[in-house]
Amino acid sequence: MNTQTAGRPAGAARKIDLRSILPVVGLAAIIVVFSVATGGSFLNPSNLATILNQSFTLILAALGASFIYAHGSLDVSLGSVCMMSCICCVHVARATGSAVLTILTAIGVCLICGVIVAVISCKLNVMAFVASLCVSFVCQGLAGELVATGEIIMPDTIATTFNQPWIKVIVLIVTVAVCYILFEHTKIGHYNKAIGGNAEAARQSGIQVDRYKLIAYIICSITLGISSFFLICRVSAAATTTGSGLHMDVMLAVILGGMSIRGGPKSNIHAPIIGSLITYILTNGFTLCGVSVYWVQFLKGIIFLAVIILVFERKHRGALPS
């Protein structure tokens with residue numbers, strides 16, 4: 001027995017094992033259950049393509065957000081920033097017709113908002129939750145002014161070009177690969193996890209806490225910008241409801257994937273992928289089984305609660321993540 005596990009209660013060890021194993025087992029189990037319950041229609045290629053198409057933008061956003069969650073911050077502005085990014089995308093696309101400028105706009109808007117949250121949090125010593133909440137309100141107010149007619153339509157040429165399965169698969173593979181390398185094999189991931197474990201200890205060990213938190217927000221902003229661009233290409237119109245609730249979807253994906261939103265050394269990059277797939281597979285599978293949309297939400301809530309009870313410790317270091 002090593003020094004890290006010595007003296008640790010057996011229950012704690014079981015919870016750690018559950019946290020890493022349960023999401024994978026759960027994903028495999030619900031695939032089997034829905035395959036049997038739907039008579040195989042769940043595994044129909046067109047249905048699997050639908051699940052991938054629906055979960056694509058959430059996976060991208062959640063991958064970047066994992067870097068923020070790893071150091072223990074909680075960003076509730078993701079949905080509003082996504083909405084603002086989509087609206088600006090459409091305006092630029094309509095004005096210029098340039099796909100390159102549209103993509104850069106999507107990423108640029110998210111970068112500006114993410115850096116603002118990081119600076120307010122790190123330099124002014126304001127909780128990231130509060131800083132992101134303020135940015136969320138600002139984005140909602142600006143969005144209302146930019147979409148005076150209720151919604152604005154994305155040009156078909158750009159939307160149709162990029163809303164292709166093969167493009168999404170390539171983007172997803174590249175994004176997962178880059179995030180995996182950064183999270184698991186560079187100082188960016190290691191230091192953010194160390195900060196999540198104990199920020200003061202990380203600072204005393206020589207880690208530039210504010211710098212690596214800022215880098216985490218930049219990575220999150222880039223993936224959110226890419227996600228926003230592909231979202232607007234899929235829905236083809238931007239409104240003040242676009243991206244609504246994305247921050248909650250990201251949080252649920254991370255939790256269902258077995259990662260704690262309090263961060264720390266147990267954070268991992270596969271959690272948002274598994275969690276995102278579970279979220280959309282549950283909705284898709286229950287719908288194919290003929291369950292009404294209201295009961296789908298009820299059953300998903302029960303499942304989410306069960307996962308939290310089984311996997312996560314109920315002793316908290318504080319009221320909320322920072």
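Which helices do the buried residues of helix 8 pack against? Keep that in mind while you look around. The model on screen is predicted.

**The whole chain**

Start with a cartoon view. The protein has 13 helices and two strands. Now colour by burial. Of the 322 residues, 47% are buried. Show the surface next. Its accessible area is about 15,200 Å², and carbon and sulfur atoms account for 68% of that.

**Helix 8**

Select residues 187-197, which form helix 8. Pick out Ile-188, Gly-189, Asn-192, Lys-193, Ile-195 and Gly-196, the buried residues of this helix. Look down the axis of helix 8. These residues fall within an arc of 155°, so they line one face of the helix. Now the opening question. The buried residues of helix 8 pack against helix 2 (45-70), helix 7 (165-185), helix 9 (199-204) and helix 10 (209-235).

**Ser-221**

Move to helix 10 and select Ser-221. Is Ser-221 buried or exposed? Its relative accessibility is 4%, under the 20% cut-off, so Ser-221 counts as buried. Zoom in on its side chain. A polar atom there lies 2.7 Å from the backbone oxygen of Tyr-217. Beyond its neighbours within four places in sequence, Ser-221 is in contact with Cys-110, Leu-111 and Gly-114.

**Aromatic rings**

Show the rings of the aromatic residues. The whole structure holds eight aromatic pairs. Select Phe-56 and Phe-230: this pair is edge-to-face, 5.2 Å centre to centre, with 85° between the planes. Phe-56 lies in helix 2 and Phe-230 in helix 10, so the pair ties together parts that are 174 residues apart in sequence. Both residues, Phe-56 and Phe-230, are buried.

Next, select Phe-162 and Phe-229. Their ring centres are 5.1 Å apart and their planes stand at 80°, so this pair is edge-to-face. Phe-162 belongs to helix 6 (residues 156-162) and Phe-229 to helix 10, so the pair ties together parts 67 residues apart in sequence. Phe-162 and Phe-229 are both buried. Show the four together. Ring pairs link Phe-56, Phe-162, Phe-229 and Phe-230 into a cluster.

**The cores**

Which residues have the most contacts inside the largest nonpolar core? They are Tyr-69, Met-154, Phe-229 and Val-250, in a core of 75 residues. Another core, of 14 residues, lies apart from it; Leu-27, Phe-34, Ile-274 and Phe-304 are among its members.

Conventions: Residues are numbered from 1 along each chain as its sequence is written. This is a predicted model: local features need pLDDT of at least 70, side-chain atom pairs count only at pLDDT 80 or more; totals for chains, interfaces and linings use all residues. Side-chain values use heavy atoms; hydrogens and water are left out. Helices (H or I, at least four residues) and strands (E, at least two) are DSSP runs, numbered from the N terminus. Buried means under 20% relative accessible area, exposed over 50%, partly exposed in between (1.4 Å probe, protein chains only). Accessible areas come from the Shrake-Rupley method with a 1.4 Å probe; for residues, only the protein chains shown count as cover. The arc is that of the directions from the helix axis to the C-beta atoms. Contact means heavy atoms within 4.5 Å. A polar contact is a pair of N or O atoms within 3.5 Å; within protein, one must be able to donate a hydrogen and the other to accept it, and residues adjacent in sequence count only if both atoms are side-chain atoms. A nonpolar core is a set of buried Ala, Val, Leu, Ile, Met, Phe, Trp, Tyr and Cys residues joined through side-chain atoms within 4.5 Å. Rings of Phe, Tyr and Trp (its six-membered ring) pair if their centres lie within 6.5 Å; planes under 30 degrees apart count as stacked, over 60 as edge-to-face and the rest as tilted.
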